[in-house]
Amino acid sequence: MIGYLQTDCVAQVQPPPNDAPTERAPFSLPSEDRWATDPEAPWSFTYAPYEELLRQYVDDQGLVDYAALRENQQVLDRFILGISRLEMSTYRLWTQSEQEAFWINVYNALLLKVATDFYPISPELPNPEYPSDSVRQLGDVFTKSSIEVLGGTVTPEKIEKNVLRDNFKDPRV
């Protein structure tokens, strides 16, 4: 079954002209062997696994093939591992727009993880306000699902309210 992902691409918020830092954080993808053999090896944060996932499992209309993604979750798991290993010193080197895009991608990756972990979504008591296969049918998924980021634990609700709305003043949230 295919589901819908509202953001169908890696968020890339364009920075204002004078928003560039003087020093840039490195972006590179460690080889898959290094992920498997040495989880503590030095590396740089990258969107490559997430971009690969979106190319492979999200179509042009933003529909996610959750069944196929569930069968091959290692790409999503690799990106989530990268999120959890990102250091604050690297994050601080990013522009405000890059930081905002990062949080949008963390939010979407976390919900993709929840959707694939519970796929197929079939609640015992469906909420008629949402589609029957929506992650919103999982009850308190927005307050209970969490991910380690920058030394803390965040939920989709915290990302939405405390990070995107409060810190970045994003009116789209």
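How many aromatic pairs does the count come to? The count comes to 13 aromatic pairs, where rings of Phe, Tyr and Trp (its six-membered ring) pair if their centres lie within 6.5 Å, with planes under 30 degrees apart called stacked, over 60 edge-to-face and the rest tilted. Before looking at them one by one, a word on the model itself. This is a predicted model, in which local features need pLDDT of at least 70 and side-chain atom pairs count only at pLDDT 80 or more, while totals for chains, interfaces and linings use all residues. Residues are numbered from 1 along each chain as its sequence is written, and side-chain values use heavy atoms, with hydrogens and water left out.

As for confidence, pLDDT (the predictor's confidence in each residue, from 0 to 100) averages 77 over the protein, and 75% of the residues score at least 70. Residues 1-38 are another matter: pLDDT stays under 50 there, and the model has 88 contacts beyond four places in sequence for this stretch, a contact being heavy atoms within 4.5 Å. Where pLDDT is low, the predicted coordinates should not be read in detail.

Now for the overall layout. The protein has eight helices and four strands, taken as DSSP runs (helices H or I, at least four residues; strands E, at least two) and numbered from the N terminus. Reading from the N terminus, the elements go β-α-α-β-α-α-α-α-α-β-β-α. Of the 173 residues, 42% count as buried; here buried means under 20% relative accessible area, exposed over 50%, and partly exposed in between, with a 1.4 Å probe and protein chains only. The accessible surface comes to about 10,000 Å², and carbon and sulfur atoms account for 49% of that; the areas come from the Shrake-Rupley method with a 1.4 Å probe, and for residues only the protein chains shown count as cover.

Back to the rings. A pair of aromatic rings is described by the distance of the centres and the angle of the planes. Among the 13 aromatic pairs, Phe45 and Phe79 have ring centres 6.1 Å apart and planes at 50°, so this pair is tilted. Phe45 sits in the loop between α1 (32-37) and α2 (48-57) and Phe79 in helix α4, so the pair links distant parts of the chain, 34 residues apart. Both Phe45 and Phe79 are buried. Phe45 also pairs with Trp94: the centres are 5.6 Å apart and the planes at 55°, so that pair is tilted too. With Trp94 in the loop between α5 (88-91) and α6, the pair ties together parts that are 49 residues apart in sequence. The relative accessible area of Phe45 is 3%, and Trp94 counts as buried at 5%. Ring pairs gather Phe45, Tyr47, Tyr50, Phe79, Tyr91, Trp94, Phe102 and Trp103 into a cluster.

Gln99 belongs to helix α6. This residue is buried, with a relative accessible area of 14%. Its contacts, leaving aside neighbours within four places in sequence, are with Tyr91, Arg92, Trp94 and Phe168.

Charged side chains come next. Side chains of opposite charge can pair when their charged atoms come close. The whole structure holds five salt bridges, each being a side-chain nitrogen of Lys or Arg within 4 Å of a carboxyl oxygen of Asp or Glu. One of them joins Lys113 and Asp77 at 3.0 Å, N to O. Lys113 lies in helix α6 (residues 96-117) and Asp77 in helix α4 (residues 74-85), so this bridge ties together parts that are 36 residues apart in sequence. Lys113 meets Asp117 as well, at 3.3 Å, N to O; these two both lie in helix α6, four residues apart, about one turn of the helix. Asp77 is partly exposed at 34% relative accessible area, and Asp117 is partly exposed at 38%. A further salt bridge pairs Glu160 with Arg165 at 4.0 Å, N to O. Glu160 is partly exposed, at 21%, and so is Arg165, at 34%. Through shared partners, salt bridges join Asp77, Lys113 and Asp117 into one network.

Finally, Ser132 is found in the loop between α6 and α7 (141-144). Not counting residues up to four places away in sequence, Ser132 touches Ile121, Pro123 and Gln137. The C-alpha atoms of Ser132 and Ile121 are separated by 7.6 Å, with the two residues 11 apart along the chain.
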